[in-house]
Amino acid sequence: MIRRRALLVSVLLTTLAAGCASGEGDSAPAAAGALRLDYAYYNPLSLVVRKQGWLEQELAAKGTKVTWVLSAGSNKANENLRAETIDVGSTAGAAALQARANGTAIKAIEVYSRPEWAALVVAKTSSITGIAGIKGRKVAATKGTDPYFFLLQSLHEAKLTGADVEVVNLQHADGKTALERGDVDAWAGLDPLMAQSQIDGGSKLIYRNPAFTSYGFLNAREAFIKDHPDLVQSVVNAYEKARAWIGAHPDETVTLLAEEAKLSPEIAKLVLTERTKTEISPVPGPEQRAVLERILPILVEENQVRSADEARAALDSLFDPAFAEKAHAS
């Protein structure tokens, strides 16, 4: 019996030693066996990359499994990045800045679009015609997303603040429903839901300002960038392939968005041809920084970030342009 116990102990010690030698049980990075990224109806490039299966085809030989997760808004993409449920996620630029300022370790690796995806919306029977009319009213908005930051900027433009309205924090689809049911007086809308409400529900866009939107950012977890730069480059390369595909196949892109988001072709065409610009440089740089510079003081004043110093440090360290520069040059 003693001899058998000694043998078992010897086997266990040998197994543990082998495990430590191979990286099990320590803090060494995992093998590149998985890539988890989001797709979103507000990010047409993500829909193309997912539909075409380019990443799956490229990474199959490496044994890397590709998993797609639907993001219902920038806030959900940031939640998943923070929880390490995904490695790469698509948000608005302001949402990426807010997340990094509040402790989410992400970097912007690509600019996927310059959209006019947000506006202030009222129901078709509403008498409200401008920003001043929403003072003291209920406004649906998804906190942590570009429409919410659009609302804050719009209020400041009219010499108002977030305290001058009652923000009802609803996910984008629920905000649309609340507006159309009359549960709120206005909605900080997001396309394609906003276009759907406009065309199908007769909702009215009472304030538009493309300068208040903050671009579409593709973000990656810093740890993932450090451990798997090759996979990050593969994602950015696929995005650039999708950008070219969209330019060459505008009608097919409209059909794809319509099918994925369950929209009519008319609505999908409005979103893609009138409110979404994808033929832009993918490299995050001065243009995007200038937009975020303007938004940063409002985020501080409205207590959307922990401190002004952290927000400034986040802006200074948010961009990681190397991957987009490489893809754009090839």
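User: What should I know about the model before we start?

Analyst: This is a predicted model, in which local features need pLDDT of at least 70 and side-chain atom pairs count only at pLDDT 80 or more, while totals for chains, interfaces and linings use all residues. Residues are numbered from 1 along each chain as its sequence is written, and side-chain values use heavy atoms, with hydrogens and water left out.

User: What makes E6 and E8 paired strands?

Analyst: Strands here are DSSP runs of E with at least two residues, and helices are runs of H or I with at least four, numbered from the N terminus. Two strands pair if DSSP finds at least two bridges between them; E6 (residues 138-141) and E8 (residues 186-190) are joined by two bridges and run parallel, so they meet that definition. Within E8, Ala 186 is the bridge partner of Val 139.

User: Why do E7 and E9 count as edges of the sheet?

Analyst: The open sheet has five strands in the order E7-E6-E8-E5-E9, with mixed pairing. Strand E7 (166-169) and strand E9 (204-207) each have a single partner strand, so one side of each is left without a neighbour in the sheet.

User: Which hand does the crossover from E6 through H6 to E7 have?

Analyst: Four bridges join E6 to E7, and the two run parallel; in E7, Glu 166 is the bridge partner of Lys 138. The β-α-β crossover from E6 through H6 to E7 is right-handed, a term that applies if, with the strands pointing away from the viewer, the path from the first strand over the helix to the second runs clockwise.

User: Why is Pro 115 called buried?

Analyst: Buried means under 20% relative accessible area, exposed means over 50%, and partly exposed lies in between, with a 1.4 Å probe and protein chains only. Pro 115 has 4% relative accessibility and therefore counts as buried. This residue lies in strand E4 (residues 106-115), and its contacts (heavy atoms within 4.5 Å), leaving aside neighbours within four places in sequence, are with Thr 213, Tyr 215, Gly 216, Arg 275 and Thr 276.

User: How do Tyr 215 and Glu 84 stand against those cut-offs?

Analyst: Tyr 215 is at 5% and so counts as buried, whereas Glu 84 is at 47% and so counts as partly exposed. Phi is positive in both, near 65° for Tyr 215 and about 60° for Glu 84. Most residues other than glycine have a negative phi.
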